[in-house]
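Try each task yourself before you read its solution.

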Amino acid sequence: MKKLFLTAGVAAALLFNSCSTVPLTGRSRFDLVSNDQVLPMAFQAYSTFLNENKSTVLPASNAQALRVKTVGAKLISAVKSYMNSNNYGNLIADYQWEVNVVQNNEKNAWCMPGGKIVVYTGILPVTQDDAGLATVMGHEIAHAIAGHSAERMSNEMVAQGLGSIAGAALSKNPQVQSVFNAGYGIGGQVAMLKFSRNQELEADRLGLIFMAMAGYNPQNAPAFWNRMSAASAGAQKPAEFLSTHPSDATRIAQIQKYLPEAQQYYKK
Ligand SMILES: [Zn+2]
């Protein structure tokens, strides 16, 4: 009984001392891992991914790559300026933003913690235009800014009894490393986390705001998600992106509800 009490006390203390605030939504999220710990893992994973896919990474001179990088640069610049002028600069101070386009038929895109972005050419016919591209990239950047992978990692660490590992030992711990790698599917083809439903909705909400800040009309976002849904409907195997980003009617209805808030950030 006493042991149970202490354990609960320790757990409560852990929870109390281990929360971060998500920018814009203000949600308090569980957080055992800092940027100091997660970013080096992400940078390593990104560089491994680029090495393993070297032959399919489009050169900067490629027209498709140029277009994606241009939209990415606008989003990054808007996010940076918002974060720096709203006391969130510390969350992105160690980011090393980078956008790469990979020749791959998968309808996919992702942004690792630290601002490491990949867009697959397979999703470009679905994004169609710059606003569509800004929708998907804004959403993925939002996962990073909201610290969703750190949150998922923290939960997974507690589940595996790794909650007490702290500081420098954390990023060197092989079990923690494997929690990170498993989350990103490192070693597999797709480096993408499976986020929770609430994290997806939060990324949708922030993503709309980020695209609006970057000068893209968020009113275009629902059409992208509808196209994504339609593109996957006839496929034998649903797009990997949709297995992690279910584009159902409920979600699109929720996105519609977020639009008026995002519209306030849209400067024509
Ligand atoms: Zn997502």
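A helix here is a DSSP run of H or I with at least four residues, and helices are numbered from the N terminus. Keep in mind that this is a predicted model.

**Exercise 1.** Find Glu156 and decide whether Glu156 is buried, partly exposed or exposed.

*Solution.* Start with the location: Glu156 is part of helix α7. Next, recall the cut-offs: buried means under 20% relative accessible area, and exposed means over 50%. The relative accessibility of Glu156 is 30%, so Glu156 counts as partly exposed.

**Exercise 2.** How are helices α7 and α10 oriented relative to each other?

*Solution.* First locate them: α7 covers residues 148–159 and α10 covers residues 197–213. Their packing angle is about 165°, and 11 Å separates their axes. Angles over 145 degrees count as roughly antiparallel, and α7 and α10 are therefore roughly antiparallel. Their crossing is right-handed.

**Exercise 3.** Which residues of α7 and α10 meet?

*Solution.* On the α7 side, look for His148, Glu151 and Arg152; on the α10 side, look for Gln199, Glu202 and Ala203. Sorted by type, the residues of this contact are three charged, two polar and one nonpolar.

**Exercise 4.** How many helices and strands does the protein chain have, and what percentage of its residues counts as buried?

*Solution.* Counting along the protein chain gives 13 helices and five strands. Of its 268 residues, 49% count as buried.

Notes:
Residues are numbered from 1 along each chain as its sequence is written. This is a predicted model: local features need pLDDT of at least 70, side-chain atom pairs count only at pLDDT 80 or more; totals for chains, interfaces and linings use all residues. Side-chain values use heavy atoms; hydrogens and water are left out. Axes are lines fitted to C-alpha atoms, for helices over the stretch in contact, and angles run from 0 to 180 degrees between N-to-C directions. Helices (H or I, at least four residues) and strands (E, at least two) are DSSP runs, numbered from the N terminus. Angles under 35 degrees count as roughly parallel, over 145 as roughly antiparallel, 65 to 115 as roughly perpendicular and the rest as oblique. A crossing is left-handed if the near helix is turned anticlockwise from the far one by less than a right angle, and right-handed if clockwise. Contact means heavy atoms within 4.5 Å. Ala, Val, Leu, Ile, Met, Phe, Trp, Tyr, Cys and Pro count as nonpolar, Asp, Glu, Lys and Arg as charged, and the others, Gly among them, as polar. Buried means under 20% relative accessible area, exposed over 50%, partly exposed in between (1.4 Å probe, protein chains only).
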